[in-house]
2 protein chains.
Amino acid sequence: MSTPFTLLFALYPGVTQLDFTAPHQVFSHWPAAAVHVASLEGAPVSASGLHFDRLEALETVARCDLLCLPGGPGCTDAMLDARFMAEIRRLAAGAHYITSVCTGSLILGAAGLLQGRRATCHWSMLESLSLFGAVPRAERVVRDVHVITGAGVTAGIDFALTVVAEVSGERAAQAIQLGLEYAPAPPFDAGHPATAPAAVMRDVRERQAAFRTRRLAQVATAAAALKAR
Amino acid sequence: MSTPFTLLFALYPGVTQLDFTAPHQVFSHWPAAAVHVASLEGAPVSASGLHFDRLEALETVARCDLLCLPGGPGCTDAMLDARFMAEIRRLAAGAHYITSVCTGSLILGAAGLLQGRRATCHWSMLESLSLFGAVPRAERVVRDVHVITGAGVTAGIDFALTVVAEVSGERAAQAIQLGLEYAPAPPFDAGHPATAPAAVMRDVRERQAAFRTRRLAQVATAAAALKAR
């Protein structure tokens with residue numbers, strides 16, 4: 001492991017910003033860490049009206065200790081982008097930890113990095129992980145040797161604290177948790193299909209329906225391409 | 001209330017990015033909302049290595065339904081910036097809701113917007129609210145009529161879901177919570193001084209000590225200025 005411990009978030013168009021901004025905030029309070037954020041050619045990335053500028057170019061990042069793929073509506077387009085995926089494979093080959101938040105694990109899967117590995121994902125796409133040879137687990141944070149994956153969006157906080165504890169110990173992680181006042185108190189218990197009211201589940205499924213059909217087709221294409229490699 | 005419901009995050013140098021990126025993510029999934037992000041003159045804002053570009057100029061925002069002040073290490077500099085504070089007072093005068101996350105409530109306080117109001121803040125600065133005539137409350141989200149404040153950093157998620165439920169009802173908020181898989185599972189119970197191990201509390205206090213001294217002096221200056229208005 002190098003000093004500092006270098007972490008890299010690999011962004012792409014259509015990323016969900018909280019998937020990386022939340023763990024980025026955790027890691028930015030970690031004295032031992034150097035956090036990098038990169039995209040293909042360092043192109044700026046926009047996400048729901050926030051615009052991220054001055055990104056590094058993935059092509060110029062020699063290596064990192066931890067590679068993190070955030071998820072988002074654009075994740076299936078990203079996994080079909082040969083240049084992006086070549087950079088992900090190259091950086092993963094040199095990393096100690098290969099990680100993701102939300103549907104970022106589908107990108108890891110499409111890159112062939114999850115074969116035989118237990119991993120998690122946003123609940124809505126969890127089962128798709130098996131198309132890439134991964135073993136889907138409906139847990140908040142899943143660790144399988146050097147692969148650490150977080151569930152949907154907000155799981156990125158739990159994921160990041162788990163990473164800090166793994167590398168620098170519990171006390172370091174707890175100090176960051178206290179600094180970020182991470183003592184969550186959701187006003188409702190609706191954050192998971194197991195607890196959400198049926199009507200709310202229906203609303204979300206309906207809103208996602210058209211998008212989901214396209215997404216599943218892209219996952220199937222990526223899975224076929226992986227098998228053919 | 002206008003349609004769409006317009007929300008404005010007012011940024012400044014030294015803001016903590018998760019204080020606004022987390023509620024921004026919640027609000028961006030809210031069909032009834034239009035979310036704006038602005039700074040003085042629309043100047044880009046950097047936070048711990050993330051660079052936010054293409055911001056609106058506070059001066060050009062005519063009004064908003066909800067004004068939100070995120071917190072951060074720069075909050076006390078911001079409250080001593082006369083131009084910034086003039087914009088905050090102007091926008092607050094036209095808003096239905098005046099809100100904050102973390103130490104953003106100190107800015108509201110310095111603007112004279114919390115006199116006699118119950119409000120919360122990051123635990124480390126909570127008591128300072130009383131210097132601005134507010135009534136500090138050690139709660140995750142505090143509502144006092146049109147003033148809604150969230151506690152430290154990650155409380156921004158709980159704050160934002162509370163706002164959505166208030167304006168559009170519980171079902172709308174729960175659908176967003178499910179979409180963001182907000183079923184938090186912190187790996188440790190160290191997110192608040194009441195539960196953090198003593199050694200961790202000491203680590204955080206020690207790290208903050210020098211910064212805290214300067215910050216408290218700035219709060220005192222802002223409080224004196226408010227009294228003299």
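1. Contact here means heavy atoms within 4.5 Å. By that rule, 63 residues of chain A touch 63 residues of chain B. This is a predicted model, where local features need pLDDT of at least 70 and side-chain atom pairs count only at pLDDT 80 or more, while totals for chains, interfaces and linings use all residues. Residues are numbered from 1 along each chain as its sequence is written, chains are lettered from A in the order in which they are written, and side-chain values use heavy atoms, leaving out hydrogens and water.

2. The two chains bury about 5500 Å² between them, with 62% of it on carbon and sulfur atoms; buried area is the accessible area (1.4 Å probe) lost on putting the two parts together, summed over both. In chain A, the residues losing the most area to chain B are A:Leu178, A:Glu181 and A:Phe188, together 15% of what that side buries.

3. How many salt bridges are there between chain A and chain B? The count is two, taking a side-chain nitrogen of Lys or Arg within 4 Å of a carboxyl oxygen of Asp or Glu. B:Arg171 forms a salt bridge with A:Asp203, with the closest N and O atoms 2.7 Å apart.

4. The side of chain A that touches chain B divides into 33 nonpolar, 20 polar and 10 charged residues (Ala, Val, Leu, Ile, Met, Phe, Trp, Tyr, Cys and Pro are nonpolar, Asp, Glu, Lys and Arg charged, and the others, Gly among them, polar).
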